[in-house]
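The report below takes up a sheet and then a pair of helices.

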Amino acid sequence: MSETTKFLLSEDQMPKDWYNIAADLPVPPPAPLHPATQQPIGPADLAPLFPMALIEQEVSTERRIEIPEPVREVLRLWRPSPLIRARRLEKALGTPAKIYFKYEGVSPAGSHKPNSAVPQAWYNGQAGVKKLATETGAGQWGSSLAFAGSLFGLDITIYQVRVSYDQKPYRRALMETYGARCVASPSNETQSGRAVLAQNPNHLGSLGIAISEAVEVAALNEDTKYALGSVLNHVLLHQTIIGEEAMLQLEMAGDDPDVVIGCTGGGSNFAGIAFPFIGMQLRGGASVKRRRIIAVEPAACPSLTRGKYAYDFGDTAHLTPLVKMHTLGSTFTPAGFHAGGLRYHGMAPLVSHVKELGLIEARAYHQTACFEAGVMFARAEGIVPAPEANHAVRCAIDEALRCKAEGRAETILFNLSGHGHFDMAAYQNYLSGGLVDQDYDEAELAMALSGLPAVA
């Protein structure tokens with residue numbers, strides 16, 4: 001086994017259920033609140049947006065939730081995804097560390113996002129829903145929901161953040177190939193979009209604004225529901241199939257990670273790789289190996305490392321419930337850096353909660369350092385990572401170099417959440433020397449945080 005590069009599970013070894021970390025948390029996370037009453041929301045408050053099956057998953061404290069067989073049938077198109085030992089990268093770095101990556105770029109859409117898009121589309125279809133509205137940044141989620149909608153006969157409308165809509169035309173073409181309609185956000189189609197454009201006709205857009213547009217469409221149309229690609233509990237739940245598979249594959253490799261790494265924007269791929277390992281530690285107590293779990297975010301949108309842990313809206317127009325999370329403020333607009341999937345003002349409440357409990361670390365990087373790592377990885381392992389995944393690659397390389405400096409042969413696992421085949425303009429920009437690091441505006445951040453809702 002010492003020379004094995006890929007660790008592959010058979011289709012019948014694919015997990016049959018999702019892992020719910022809520023069952024093992026020592027302290028339950030703060031409840032979402034109704035913005036008008038500031039009381040915990042109930043299923044009726046979410047019913048205009050989601051089918052009841054997803055609402056039940058959102059509030060569940062059951063440790064295991066069964067994956068329906070029709071969903072597993074679709075997931076088998078690409079799952080189980082491979083676990084790969086990055087031997088050539090290890091050699092290039094001269095590190096005694098062992099580096100493994102879980103490769104989610106093998107899905108039809110090229111990222112981890114279909115892990116949740118497929119069940120969300122299926123549950124909506126089972127509830128008789130005909131149309132879904134959603135937002136997307138770089139387009140991984142939008143293309144994934146478009147793919148899932150095509151399988152289950154749903155009409156999909158996607159509000160894509162304007163800066164990514166312009167930067168990534170081929171991701172938009174992929175959504176349209178799957179049959180979805182893609183709209184640049186902010187748009188003139190919704191009241192929330194028109195309000196933003198009235199103040200700034202050239203607004204770059206943000207995930208918060210795009211969420212407002214999609215939520216507004218779902219709330220005003222009885223035949224339409226809303227689908228979210230990250231942040232919410234049920235989305236993170238669906239992604240845990242990543243970590244569950246990785247555990248089985250690491251057993252095949254005869255290895256056990258000392259460090260687990262994932263990039264973070266809204267928190268879905270990070271939760272997918274990390275939550276099963278965190279849960280194992282929580283259930284095992286002091287006798288279980290303690291791993292370092294690292295969430296890596298962009299320095300230009302640092303919700304975990306710079307944001308405030310507070311109740312805030314998940315969208316810019318304040319159409320969503322209040323959730324307690326690490327936030328930069330719902331009106332905060334990040335700079336237009338290339339990792340569009342990480343340009344969200346807040347972090348998933350569950351990820352924020354485990355950060356507050358001291359169960360994970362957080363780290364922030366600028367984009368040039370991340371693209372440097374992505375190019376190094378591509379030249380060693382042959383896979384060009386998405387700009388978002390480059391943040392995890394950067395951290396894994398830094399951890400491997402730390403091991404080299406300390407003479408420690410640790411095992412590093414990271415989630416390579418997607419490939420960068422639709423992001424080659426960003427790589428051209430980096431290779432030509434045109435890519436620059438961007439920081440958030442301190443004054444804008446202070447203003448956004450000053451507008452956080454007052455919650456008793």
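Contact here means heavy atoms within 4.5 Å, and helices (H or I, at least four residues) and strands (E, at least two) are DSSP runs numbered from the N terminus. Axes are lines fitted to C-alpha atoms, for helices over the stretch in contact, with angles running from 0 to 180 degrees between N-to-C directions. The model is predicted, so that local features need pLDDT of at least 70 and side-chain atom pairs count only at pLDDT 80 or more, while totals for chains, interfaces and linings use all residues. Residues are numbered from 1 along each chain as its sequence is written, and side-chain values use heavy atoms, with hydrogens and water left out.

Helix 10 (residues 207-220) lies across strand 6, strand 7, strand 8 and strand 9, and runs at about 170° to strand 6. An open sheet of four strands has the order 8-7-6-9 with parallel pairing, where two strands pair if DSSP finds at least two bridges between them. Strand 6 (residues 131-136) and strand 7 (residues 155-161) pair over six bridges, and Gln-160 in strand 7 is the bridge partner of Thr-136.

The axes of helix 13 and helix 15 come within 10 Å and cross at roughly 50°. The contact is made by these residues:

| Helix | Contact residues |
|---|---|
| Helix 13 | Phe-270, Ala-271, Phe-275 |
| Helix 15 | Leu-350, Val-351, Val-354 |

By class, this contact of helix 13 with helix 15 has six nonpolar, no polar and no charged residues, where Ala, Val, Leu, Ile, Met, Phe, Trp, Tyr, Cys and Pro count as nonpolar, Asp, Glu, Lys and Arg as charged, and the others, Gly among them, as polar.
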